[in-house]
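Please work through the following exercises on a single protein chain. Each task is followed by a solution in steps.

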Amino acid sequence: MKTISPQLIITALISVATMALVPVLVSSVAANEVTIGLVRVGIACLVLTPLLLWHKNFIGLTSKDWFFLLLIGMIFGLHWWTYFYAIKNSTPSLGALSLTTYGIHLVWINWLVSAQRPKLSDMFAVLLCFCGCIIVVPSADMANQVTQAFLVGVFSGLLYALLPFLHQRVNHLSTTVRSWGQFSFAGVFFLFFWPQTDWQLNINDWQLLIILGVVSTLIAHTLWVKVSTELPPILVSAFYYLYIPIAMTLSYFFLNEPMTTPKLLGATLIVISCLWGIILPALRKAKKS
């Protein structure tokens with residue numbers, strides 16, 4: 001069995017911690033969803049584009065490659081917009097929780113893709129996640145703004161779950177090229193909503209946006225690519241779901257968001273269900289091989 005270095009574990013923790021800053025930063029900055037998205041993708045593209053041009057990474061890309069890069073970028077852009085909306089219109093922890101339902105989306109998308117009948121354990125994971133979602137929302141009334149925002153976040157989780165399947169269609173391209181396509185075409189998506197941007201921001205808002213762009217986009221995503229490539233899939237899933245307790249802790253201490261018993265219970269059910277849905281199939285696959 002390959003030994004996992006302590007440096008890689010530390011890298012994973014740093015990556016998750018920097019990603020967990022996103023809900024708190026998005027909630028704190030006065031900029032709206034479109035402005036946040038444009039700044040984040042803009043910073044990423046400013047760094048990645050010159051590197052790819054220098055190494056001539058665009059040479060040889062086919063029309064099919066460009067189509068999938070466009071599709072990935074557009075879905076990623078919509079994912080970001082809906083995620084930011086969920087955070088802005090609910091709370092940082094509820095926004096983070098709604099996104100992490102992506103683990104359950106992965107389960108049923110995999111059922112469709114692989115045409116396999118779901119196991120009883122998979123169905124239980126979906127049910128557990130559903131119960132967690134019902135517990136964390138403040139009201140079953142669809143007119144409730146927080147409930148609406150949470151559901152938008154769940155949709156964002158669905159979009160996030162679609163991305164790995166699309167990336168697999170162009171896995172012959174380097175991670176850097178696919179990352180560039182994801183960010184750059186997400187930028188095109190946000191440009192469609194340019195009239196909604198608001199640049200009347202103070203110095204503190206710009207500082208938060210720069211942190212979002214540099215720390216929580218470039219650094220976090222780069223480190224996560226390394227971690228998700230070198231660590232076993234089960235450990236990757238386990239580390240990812242540290243996102244929730246870290247995001248909720250940051251929100252509690254820095255934004256004074258109350259952590260009620262229903263919220264903590266629902267969060268626990270969602271995290272357990274998603275880990276269950278991801279890890280058990282991986283264990284079954286490992287057992288067969």
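**Exercise 1.** Determine how many disulfides the model contains, a disulfide being a pair of cysteine sulfur atoms within 2.5 Å.

*Solution.* Step 1: by this rule, the count is zero disulfides. Step 2: Cys131 takes part in no disulfide, the nearest cysteine sulfur, that of Cys129, being 9.3 Å away. Step 3: the closest cysteine sulfur to that of Cys133 also belongs to Cys129, and because the separation is 4.3 Å, it is too far for a bond.

The model is predicted: local features require pLDDT of at least 70, side-chain atom pairs count only at pLDDT 80 or more, and totals for chains, interfaces and linings use all residues. Residues are numbered from 1 along each chain as its sequence is written, and side-chain values use heavy atoms, with hydrogens and water left out.

**Exercise 2.** Describe the surroundings of Tyr240.

*Solution.* Step 1: Tyr240 lies in helix H11 (residues 233-240); helices are DSSP runs of H or I with at least four residues, numbered from the N terminus. Step 2: its relative accessible area is 5%, so Tyr240 is buried. Step 3: leaving aside neighbours within four places in sequence, the residues in contact with Tyr240 (heavy atoms within 4.5 Å) are Val16, Leu99, Thr100, Tyr102, Tyr160 and Trp224. Step 4: the C-alpha atoms of Tyr240 and Ala20 are separated by 9.7 Å, although these residues are 220 residues apart along the chain.

Key: Helix = DSSP H or I, 4+ residues; strand = E, 2+ residues; numbered from the N terminus. Buried < 20%, exposed > 50% of the residue type's maximum accessible area, 1.4 Å probe, protein only.
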